[in-house]
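Please find below a colleague's note on the structure under discussion.

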Amino acid sequence: MQRPKNPQTKPFFYDITLRDGNQSLKKPWSLEEKLFIFDKIVELNIPAIEIGFPASSQMDFEACKTLANRASENTTVSVLARANKNDIDRALQAIKEAKKPRLHTFITLSPFHVEHVLNKTQNQAAQLAIDAVEYGYKSLREFQSEPDIEFSVEHFGDCSKNLDFVIEVLSEIVKKGAKTINLPNTVERYRPKTFLDMISKVKENLPSDTIISVHNHNDLGMATATTVEAYFSGAVQLECCLNGLGERAGNTDFNQVAVALYNCGVETGVDLSKIYETALIISQMSHVKIYEKAPLIGPEALAHRSGIHQDGAIKTKEMDFGAYRPIHPSLIGRFDDEKIGFTSQSGKTAIYDIIKSFKYPITIQESVYLTPIAKSLAEQKGELSNDEILELYFDKICNIKGAFELISFKQIEKGVFDLFFNFNNERKEVIGTGNGPVDACLNGLKKLGFETKLSYYKQYSLDGDLKGSSAQAMSAIVMLDSKNNEIIGRAIDTSTALANVKAIFNALNQMY
Ligand code: KIV
Ligand code: ZN
């Protein structure tokens, strides 16, 4: 499978973690915390960062000023201001020393909001917007030769009924100097398609060099989809929050949008490999947990539990696109393996993979044998841990109980061994001779009437650190039963001779 090539204009990611994300926190970030997060956003290579809302508090003003001064010429630093002179003055005071400052001013033009929240008429709200941009432009001009102004129509998503009016106002605002027109879905209420149609209409009616931006909240859980599709409908600036922080159900999640665009072949310009680490840091610093099922970064995002999914996941483990995952996790700097969790829904491939992950040998037939045993245990207990699967392997594969019970196997002299065991609780003792312990044991058994056909045997030297065992040797003895079926007996012991004999007894217990 290949990523398609996408020749569209590169998206311009605009981070709002330090403003929309911050304003929604139970404890908004201090200056030091904002500084730390700012650097993380820069490391992601995000070109524009809204650093705060200076008029909201003295602390945020100070933070904005410090961050504005810290930012390099590669990062646009933006601050928010309502459409009034006081807010704009405060905002400009905070960013006047920045190398690449931006003023972001906003007011709603939604009929509902204008009437019920602002208690104004549409024309009054429109005039405030136009005046604010005009004032901002003039003031910014004093320290920026080409003022960078963004204007947002708060609640743009609620403007479908007065869209023509909104477009007229926006045309005026662009004439007054706003370069970027941000169209927020401040509360996500309707279909993404309705929103996209509105965006396209605005884009068609504004001068072609106007940068169209979207800022989607996630009230119905569709913000990522809406933002990705808005990009393909002509929005270039994408306002996103790390980990989808933000008011209520949050803003559009940066991680998801960036990866979705990458998968569609878009050159994102950001460093995807920093996503996972940054997500963990943001979660810790915001005290907003990453929920189990969070796409890409959630602890469960790489877990497979059904047999069919496990089989596909294991077969495509190393590939970029997995059978049951959208990307290779290393793309976002995530290096934990895909989790294969064994439940009553799981299958043989999971057992095989789990045992192999402990570096123990196992055949597919052996995992087929263990599967129903593990499934019925999982039916009672729920998901089994990998350690529990390993215990089953030791118990049911390496230590098979049955008619034969080895008591001792001792060398008397070179090539001569004393074999002592129970068969159906009856004591048996025999002297076996042969070319090594396997040969001697099988010859001894033959003397007592237990004829066996050895197909082959194999000795594995196991690392002493292997989980669940301090053993050094595992023996696999393959014998043929009366119908010439191969029966594998495995055993582990610190003595290779004993590992071999135990393996023979495990095979015998399967045959008798
Ligand atoms: O959600 C919103 O509309 C906003 C604006 C201030 C851009 O955050
Ligand atoms: Zn918002």
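This is a predicted model: local features need pLDDT of at least 70, side-chain atom pairs count only at pLDDT 80 or more; totals for chains, interfaces and linings use all residues.

1. Domain layout. The domain assignment divides the chain into domain 1 (12-270), domain 2 (303-397) and domain 3 (404-511). The centres of domain 2 and domain 3, taken over C-alpha atoms, are separated by 30 Å.

2. Contact between domain 2 and domain 3. Eight residues of domain 2 are in contact with eight residues of domain 3. On the domain 2 side, helix 15 (residues 386-397) gives the most, with three residues. That side of domain 2 comprises five nonpolar residues, one polar and two charged.

3. Shell around ligand 1. The residues surrounding ligand 1 are Asp-20, Phe-106, Ser-152, Glu-154, Asn-182, Pro-184, Thr-186, His-215 and His-217. Strand 5 (149-154) and strand 6 (180-185) are the elements that each give two or more residues to this shell. By class, the shell holds five polar, two charged and two nonpolar residues.

4. Length of helix 11. Helix 11 (residues 275-286) has twelve residues and should therefore span 16 Å at 1.5 Å a residue; the C-alpha atoms at its ends are 16 Å apart, in agreement with this expectation.

5. Buried face of helix 11. Which residues of helix 11 are buried? They are Ile-275, Tyr-276, Thr-278, Ala-279, Ile-282 and Ser-286. Viewed down the axis of helix 11, these buried residues fall within an arc of 160°, so they line one face of the helix. Helix 2 (31-43) and helix 10 (254-263) are included in what covers them.

6. End of helix 11. His-287 follows helix 11 and has a positive phi, near 60°.

Note on methods:
Residues are numbered from 1 along each chain as its sequence is written. Chains are lettered from A and ligands numbered from 1 in the order in which they are written. A residue is near a molecule or strand if its C-beta atom, placed from the backbone, lies within 6 Å of it. Helices (H or I, at least four residues) and strands (E, at least two) are DSSP runs, numbered from the N terminus. Ala, Val, Leu, Ile, Met, Phe, Trp, Tyr, Cys and Pro count as nonpolar, Asp, Glu, Lys and Arg as charged, and the others, Gly among them, as polar. The expected span of a helix is 1.5 Å times one less than its number of residues. A residue is buried if 20 or more other C-beta atoms lie within 10 Å of its own, exposed if 12 or fewer, and partly exposed in between; C-beta atoms are placed from the backbone. The arc is that of the directions from the helix axis to the C-beta atoms. Two residues are in contact if their C-beta atoms, placed from the backbone, lie within 7 Å. Domain bounds come from an automatic or database domain assignment.
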